[in-house]
Each structure stands twice: as structure tokens, then as C-alpha cells.
Amino acid sequence: MSAGHRRLDIEESGDVTIAKFVDKKILDEGNIQIIGNQLFSLVEDDARTKIILDFSNVEYLSSAALGKLITMDKKVKAAKGKLRLCTVRPDIYEVFAITKLNKLFDMRDNLEQALEGM
Amino acid sequence: MSSTEEFDVTIPSDTAKGREVQEQIVGGMESRGYSPRDVFGVRLALEEALVNAIKHGNKMDPDKVVNVKWEIDEEHVRVVIEDQGDGFLVKDVPDPTDEENLDKPGGRGIMLMRSFMSVVEYNESGNRLTLEKRTDDPDDDD
């Protein structure tokens with residue numbers, strides 16, 4: 001697998017960065033590593049501080065992927081930025097709810113709501 | 001009446017091989033008409049369980065293997081996953097939903113398995129895990 005292969009589609013809306021996961025399944029260790037690095041790079045290399053993660057393509061994700069999201073959340077908070085998650089389908093939302101991560105993350109129903117007041 | 005099918009597969013400590021077994025089991029559920037919700041939960045639990053066995057149990061040691069046995073019919077799927085690692089004590093795994101652990105990146109796999117499966121049982125030494133999903137599981141809607 002190429003380390004440079006993009007796992008996120010990046011779009012800009014004003015000063016907000018929208019990162020959309022390309023994969024349906026965020027399970028594979030190598031893939032999760034790449035996704036993590038691409039996410040962290042948004043904050044660390046590009047100094048983006050308003051970030052929305054769009055989950056509309058995502059049908060499965062594992063606890064290893066949750067770990068990367070938690071680390072991402074810490075990095076954004078450390079940079080005094082805002083991170084929001086949106087368009088998380090009900091099955092996946094349940095994974096966040098079971099692990100109580102719906103309390104840690106700012107989760108919105110759709111992209112419009114995520115952009116509001118960002 | 002449905003007939004129960006049994007399988008017994010041994011794989012190397014390779015998560016890609018683990019995923020192949022996962023696909024076999026989930027494929028068996030889909031062909032037997034399990035609900036998408038049950039399939040989602042079992043797939044997620046198997047992912048966590050197999051990654052745990054390969055990474056934390058066998059520590060990716062290429063000389064160690066993971067044995068996966070399963071039986072499946074229209075009413076239940078029961079999977080026994082055994083690694084060749086030293087095992088662990090389930091009670092030593094911290095609760096990831098405790099306030100002080102909430103922002104820690106690890107420790108959520110077992111919790112997700114417990115939530116999505118009807119039965120999650122480790123043997124005493126912690127290297128053999130039994131997972132079972134029953135279609136009549138009353139916890140289904142929580």
C-alpha cells in the first residue's frame with residue numbers, strides 16, 4: 001500500500017476544512033495509520049484549526065480508528081481549534097455512544113449543521 | 001429446521017488473514033438472512049477479537065497461529081478464537097468510559113464486543129475467547 005495514497009477528500013469552506021473519509025471500512029491497521037497521519041497533518045503541517053470530519057461514506061470502523069480520532073481531537077484542542085464530526089450513520093453512532101465518545105466529540109447530524117457557527 | 005454448520009480454521013498472526021475468516025463468518029450470516037444490524041455487530045466484534053488475538057495475544061509472532069472455530073445456523077453464530085499468547089486478566093482492562101480514560105486512545109475493543117454480542121467469555125488464562133450472537137437476543141434494541 002502506498003503511504004501517500006489519499007484516504008481523505010479535503011475541501012475548504014471559508015476558513016473551515018472539511019475532510020471526508022474515502023473508505024467504507026476503516027478497519028485495516030495500515031489504512032488507519034495512513035488516515036491518522038493525514039488527519040494529524042491537517043493540524044500539524046497545514047495549521048488548520050477548524051476541521052469537520054465527514055463520515056457519510058463510512059459503514060464500519062474499529063476501536064483502533066476511534067483511537068486515532070481521539071488523538072486528533074487532542075491535537076485540535078491543543079491548537080485551540082474546533083473539531084466536529086458529521087453525517088455519522090446510526091450503526092456507527094452507536095459505537096460512539098457505547099464508548100461514550102459521543103460526549104467527547106462534537107457530533108452533528110449533517111454537514112450544514114456542522115458548518116453552523118464553526 | 002435449520003442445520004448447524006461447523007468450521008475450524010487456523011491462521012497465521014496476520015490481520016489480513018483474520019479479515020478473510022471474518023468475511024467467511026459474516027458471509028455465512030448474510031446467506032442465512034441475519035439482519036444487517038446483527039451482521040454489523042458481529043463483524044465489529046470479530047474485528048476487535050481477531051486483532052486482539054493477533055496483536056496483543058500472539059504479538060504478531062509469525063511462528064504463532066490463531067485457531068478459529070465457529071458454528072452457525074439460522075438462530076445463532078458461535079465463534080471460539082484461541083491464540084498462543086500468554087493471555088491476560090479481563091478485570092485488569094480499565095473501563096474506557098471512566099472520566100479519566102475517556103480521552104485515551106485504546107481499550108474499547110472488549111467493551112464493543114460485549115455490547116454487540118449475546119455472549120463474550122474468556123477462558124481463565126485469557127487466550128481463548130468465545131463470542132456468540134443469537135437472533136433472539138433481547139438486548140438487540142438497546
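What radius of gyration would a compact globule of 142 residues have, and what does chain B have? A compact globule with that number of residues would have a radius of gyration near 14 Å, and chain B has 15 Å, which agrees. Please keep in mind throughout that this is a predicted model.

Let me stay with chain B for a moment. Chain B contains three helices and five strands. Read from the N terminus, its elements follow the order β-α-α-β-β-α-β-β. The C-alpha trace of chain B spans about 45 × 40 × 25 Å along its principal axes. Of its 142 residues, 32% count as buried. Turning to contacts in chain B with a separation of 6 or more, 65% of them are accounted for by residues 24 or more positions apart.

I now turn to chain A. This chain has five helices and seven strands, and from the N terminus on they run β-β-β-α-β-β-α-β-α-α-β-α. The radius of gyration of chain A is 13 Å, close to the 13 Å that the globule rule gives for 118 residues, so chain A is as compact as a globular protein of that length. Along the principal axes, the C-alpha trace of chain A spans about 30 × 30 × 25 Å. Buried residues make up 36% of the 118 in chain A. Among contacts in chain A between residues at least 6 apart in sequence, 74% join residues at least 24 apart.

In general, two packed helices are described by the angle between their axes and the distance between the axes. For helix 2 and helix 3 of chain B, the angle is about 145° and the axes are 9 Å apart. Their crossing is left-handed. From helix 2 of chain B, the contact is made by B:Gly41, B:Leu44, B:Ala45, B:Glu48, B:Ala49 and B:Asn52. From helix 3 of chain B come B:Gly109, B:Leu112, B:Met113 and B:Phe116. By class, this helix-to-helix contact has six nonpolar, three polar and one charged residues.

Where does B:Met117 lie in chain B? Its place is in the loop between helix 3 (109-116) and strand 4 (119-122) of chain B. Is B:Met117 buried or exposed? B:Met117 counts as buried, because it has 26 C-beta neighbours inside 10 Å and the cut-off for a buried residue is 20 or more. Leaving aside neighbours within four places in sequence, B:Met117 is in contact with B:Gly41, B:Ala45, B:Leu131, B:Glu132 and B:Lys133. Two of these partners, B:Gly41 and B:Ala45, also take part in the contact of helix 2 with helix 3 of chain B. As for B:Thr10, it stands 107 residues from B:Met117 in sequence and 23 Å from it in space, C-alpha to C-alpha.

Conventions:
Residues numbered from 1 in each chain as written. Chains lettered and ligands numbered in written order. Predicted model: local features only at pLDDT ≥ 70, side-chain atom pairs only at ≥ 80, totals over all residues. Helix = DSSP H or I, 4+ residues; strand = E, 2+ residues; numbered from the N terminus. Rg over C-alpha atoms; globule rule 2.2 N^0.38 Å. Buried ≥ 20, exposed ≤ 12 C-beta atoms within 10 Å, placed from the backbone. Contact = placed C-beta atoms within 7 Å. Axes fitted to C-alpha atoms, helices over the stretch in contact; angles between N-to-C directions. Left-handed = near helix turned anticlockwise from the far one by under 90°. Nonpolar A, V, L, I, M, F, W, Y, C, P; charged D, E, K, R; others polar.
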